[in-house]
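Trainee: I would like to go through this model and ask what stands behind the terms used for it.
Mentor: Go ahead.

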Amino acid sequence: MQTLCAILAGIIIAAGVYLILDRNLIRFIFGLVLVGNAVNLLIFTTGRLASRRPPLIPEKMTLGPEPFANALPQALILTAIVIGFALLSFVFVLFYRAYQALETVDTEFMRAAENDADHHGPESGPADGRPL
């Protein structure tokens, strides 16, 4: 099971990197989400999936019965999910603002629009006269 999850995480990371390298900003965001989820799956896989017992120590014992579930990867994944959601929200706001200002989701056109704005000076805005 762990081998299958590790292979699945590798496939998801490869798909995420493929999407990140695309010129479309929407695909970049989806790739970022995929890579984040694949890393969470990888952390979960390293925490050993085969154990079925919770990490509880019975009375009058100093160590719990083996094997037991490791709570650290689960806590790390929960933290990573919260941080990933905050990052995704921030990226969506940046995407929306960039789309409003440049009216494109293609990164090559965004780069060209930034170069045009640099050559025309800071007082120039979009073609329709809206402020940046």
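**Terms and their grounds**

Mentor: pLDDT is the predictor's confidence in each residue, from 0 to 100. This is a predicted model, in which local features need pLDDT of at least 70, side-chain atom pairs count only at pLDDT 80 or more, and totals for chains, interfaces and linings use all residues. Residues are numbered from 1 along each chain as its sequence is written, and side-chain values use heavy atoms, with hydrogens and water left out.

Trainee: What is the mean pLDDT of the protein?
Mentor: The mean is 82, and 75% of the residues reach 70 or more. Where pLDDT is low, the predicted coordinates should not be read in detail.

Trainee: At what angle do the axes of H1 and H2 cross?
Mentor: The axes of H1 (residues 2-20) and H2 (residues 25-46) come within 8 Å and cross at roughly 160 degrees. H1 is therefore roughly antiparallel to H2, a term for angles over 145 degrees.

Trainee: Which residues of H1 and H2 meet?
Mentor: Among them are Leu-8, Ile-12 and Leu-19 in H1, and Phe-28, Leu-34 and Leu-41 in H2; contact means heavy atoms within 4.5 Å.

Trainee: Why does Ala-75 count as partly exposed?
Mentor: Its relative accessibility is 41%, and partly exposed lies between buried, under 20%, and exposed, over 50% (1.4 Å probe, protein chains only). Ala-75 is placed in helix H3 (residues 71-102).

Note on methods: Axes fitted to C-alpha atoms, helices over the stretch in contact; angles between N-to-C directions. Helix = DSSP H or I, 4+ residues; strand = E, 2+ residues; numbered from the N terminus. Parallel < 35°, antiparallel > 145°, perpendicular 65-115°, else oblique.
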